[in-house]
Amino acid sequence: MYYRENINNALEYINDNLANDISIADISNAAGFSTSHFYKLFASSTGFTIKEYLRNKRLSKAAKKLVKSDNRIIDIAMDTGFNSHEVFTRAFTSLYGISPIKYRKSRKEILLYENFNNFGKSIKNSFRYKDDININVEVIKKKEIYLAGMDLKTNVIENIKKKTLRNFWQSAFLPNTYKIKNIIDPNNKIYFEITNPKTNELYHLACFEVYSSFVPSGMILKVIPPQKYAVFTPEKPLSALEYSSLITYAYGEWLPISGYQLADKFTFDVTHSEKNSSGYINKNMKVYIPIK
């Protein structure tokens, strides 16, 4: 990421001072930039203004406290930088669409985000992987999707160590894709997955998007209804290990402060490939997470 270290310094400063009265100038100074320059840089890098990010980080911390503690709401408000119950409740309801007291009783997605974030961190720590990846995010709506392909069950650690999914694509799925006669774009490979962050289990469907419900013998059809998605686009296609950076960003950073909930358990990645003199090369990838 351009100015990645400066942005990370600002994010670290914000996280360390959520309960304190800090200004945009303080955050800009922590990043080593003038306020006017950093304001634009921060928004283009994170998708949030500095003010939005600070407020939403405080609210996501409050949401976690609401479901993980019995602390009074006014105490949680004060601990996360809000100076009154009224101001906190108004800001919280604006972001999450529900009051703090109702959130405490009925909403637990902040804990699921935490599970995935911790899972991503554990993978990075296990393999001593420290790099971060520049990731852009947009929210879109897609119509009903038909996916045709072949599936298998494995686990995330095994896939990183043994390249299980890559081998499955190369030896089992790709040699049989000629049978799929209704592929919309053969250059867009789709990786439909359901991951359990507690057990490390991974369900994978190697597939292409198709324009009808026909599937060849030995393959399966997955129909995804019309849906809203958060689409994460990294600066380059990611390896199985690098994918952990996207997990920690999506579930540890963006989703908790976005106000969105997960709409389903699956994700799917679309990797676009282009042919050159030596074969096909992956040019870009997009990761779709269903939200509501």
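Predicted model: local features only at pLDDT ≥ 70, side-chain atom pairs only at ≥ 80, totals over all residues.
Start with the whole chain. The protein holds 11 helices and eight strands. Its radius of gyration is 21 Å, close to the 19 Å that the globule rule gives for 292 residues, so the protein is as compact as a globular protein of that length. The C-alpha trace spans about 65 × 40 × 35 Å along its principal axes.

Next, the contacts and the burial. Take the contacts between residues at least 6 apart in sequence: 71% of them join residues at least 24 apart. Of the 292 residues, 47% are buried.

Now the surface. The accessible surface of the protein is about 15,000 Å². Carbon and sulfur atoms account for 49% of that area. As for charge, the protein carries 41 positive and 28 negative charges.

Finally, zoom in on Thr46. This residue belongs to helix H3, which covers residues 35-46. Is Thr46 buried or exposed? The relative accessible area of Thr46 is 11%. Buried means under 20%, so Thr46 counts as buried.

What lies around the Thr46 side chain? A polar atom of this side chain sits 2.9 Å from the backbone oxygen of Phe42. The backbone oxygen of Phe48 is 3.1 Å from a polar atom of the Thr46 side chain. Contacts also reach beyond the local stretch. With neighbours within four places in sequence left aside, Thr46 is in contact with Ile7 and Tyr249.

How values were computed:
Residues numbered from 1 in each chain as written. Heavy atoms only, no water. Helix = DSSP H or I, 4+ residues; strand = E, 2+ residues; numbered from the N terminus. Rg over C-alpha atoms; globule rule 2.2 N^0.38 Å. Buried < 20%, exposed > 50% of the residue type's maximum accessible area, 1.4 Å probe, protein only. Contact = heavy atoms within 4.5 Å. Areas by Shrake-Rupley, 256 points an atom, 1.4 Å probe, with all protein chains shown as cover. Lys, Arg positive; Asp, Glu negative; His and termini not counted. Charge placed at Lys NZ, Arg CZ, Asp CG, Glu CD. Polar contact = N/O pair within 3.5 Å; in protein donor to acceptor, adjacent residues only side chain to side chain.
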